[in-house]
Amino acid sequence: MEKLTNRAKEIDRKPMNFWESIYLIAIVKGLMITLKHFFMKKATINYPEEKRPFSPVFRGLHVLNRDEEGRENCTACGLCALACPAEAITMEAAERLPGEENKYREEKYAAKYEINMLRCIFCGFCEEACPKDAVYLSQTVAPASYDRKNFIYTKEDLLIPHPKATK
């Protein structure tokens, strides 16, 4: 039969000698590897006491940004929702009412803004698509939960706190 590739190798079918048949050499080689790894630096960290260093380009939880005066940057243009390949972002736009100039920067604002973190793939496309720098991905890791409802973040969960409200 003709070989399809050049990667096929002939198998050596010679009988084992005495030392190979008692597997002593193989056992000693395995113990040497075990001893070598026994004295190596451990890869495990003690989590609550030590924190794992993340890469500078790590993308964590989403955050909705505010401007210097504490107004929301999001203008509900919907570009972040369109750029999201996982379709994890949903939003509804609303018009700013008279007297709300101190809350919203533009005439339109996001009345409803939700991100389903179970669908999010943390690609950062929403951050790149936003023309107002309203959404960015922070260095925070998403907390664990047993309830699916805890992974749907609303606008109130994502907005950074108002600077005047913290004083």
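User: Cys120, buried or exposed?

Analyst: Cys120 is buried, with a relative accessible area of 13%. Buried means under 20% relative accessible area, exposed over 50%, and partly exposed in between, using a 1.4 Å probe and protein chains only. This is a predicted model, in which local features need pLDDT of at least 70, side-chain atom pairs count only at pLDDT 80 or more, and totals for chains, interfaces and linings use all residues. Residues are numbered from 1 along each chain as its sequence is written, and side-chain values use heavy atoms, with hydrogens and water left out.

User: Where does Cys120 lie? And what does Cys120 touch?

Analyst: Cys120 is in the loop between β3 and α4 (125-129). Helices (H or I, at least four residues) and strands (E, at least two) are DSSP runs, numbered from the N terminus. Not counting residues up to four places away in sequence, Cys120 touches His62 and Ala88. Contact here means heavy atoms within 4.5 Å.

User: Which residues does UniProt list for "binding site"?

Analyst: The UniProt record, an unreviewed entry, lists Cys84, Cys120, Cys123 and Cys126. These four span 43 residues in sequence, yet no two of their C-alpha atoms are more than 10.4 Å apart, so they gather at one spot. UniProt positions are given in the numbering used here, feature names are shortened, and annotations may be inferred rather than shown by experiment.

User: What about Cys84, buried or exposed?

Analyst: Cys84 counts as buried, at 11% relative accessibility. The loop between α3 (79-83) and β2 holds Cys84.

User: Which residue of that loop has a positive phi?

Analyst: Glu87, found in the loop between α3 and β2, has a positive phi of about 55° although it is not a glycine. Glu87 is exposed, with a relative accessible area of 57%.

User: And in the loop between β3 and α4, what is the phi of Phe122?

Analyst: Phe122, in the loop between β3 and α4, has a positive phi of about 55° and is not a glycine. Its relative accessible area is 24%, so Phe122 is partly exposed.

User: Switching to the sheet. What order do the strands have?

Analyst: The order is β2-β3-β5, in an open sheet of three strands with antiparallel pairing. The edge strands are β2 (89-95) and β5 (152-153), each of which pairs on one side only. Two strands pair if DSSP finds at least two bridges between them.

User: How many bridges join β2 to β3?

Analyst: Seven bridges join β2 to β3 (residues 108-116), and the two strands run antiparallel. Among the bridge partners, Met91 goes with Tyr113 in β3, and Ile89 goes with Ile115 in β3.

User: And how many between β3 and β5?

Analyst: Two bridges, again in the antiparallel sense. In β5, Ile152 is the bridge partner of Asn116.

User: What is Glu92 in contact with?

Analyst: Glu92 is in strand β2. Leaving aside neighbours within four places in sequence, Glu92 is in contact with Tyr109, Ala110, Ala111 and Lys112. At 45% relative accessibility, Glu92 counts as partly exposed. Cys77 is 15 residues away along the chain, and the C-alpha atoms of Glu92 and Cys77 are separated by 9.5 Å.

User: Lys155, buried or exposed?

Analyst: Lys155 counts as buried, at 7% relative accessibility. Lys155 lies in helix α5 (residues 155-158). With neighbours within four places in sequence left aside, Lys155 is in contact with Leu64, Glu72, Tyr104, Tyr109, Ala110, Ala111 and Tyr113.

User: Which residues line the largest pocket?

Analyst: Ile45, Tyr47, Lys51, Arg52, Phe54 and Val141. The lining divides into four nonpolar, no polar and two charged residues, and about 150 Å³ of space lies in the pocket. On a 1 Å grid over the protein atoms alone, a pocket is an open set of points where a 1.4 Å probe fits, with protein on both sides within 12 Å along at least five of seven lines; lining residues have an atom within 4 Å of a point. The volume is the space filled by probe spheres set on the points. Ala, Val, Leu, Ile, Met, Phe, Trp, Tyr, Cys and Pro count as nonpolar, Asp, Glu, Lys and Arg as charged, and the others, Gly among them, as polar.

User: Last one. Where does UniProt place the "transmembrane region"?

Analyst: The unreviewed UniProt entry places the "transmembrane region" at residues 21-39. In the model, residues 21-39 are 84% helix and 0% strand, and the end C-alpha atoms lie 30 Å apart.
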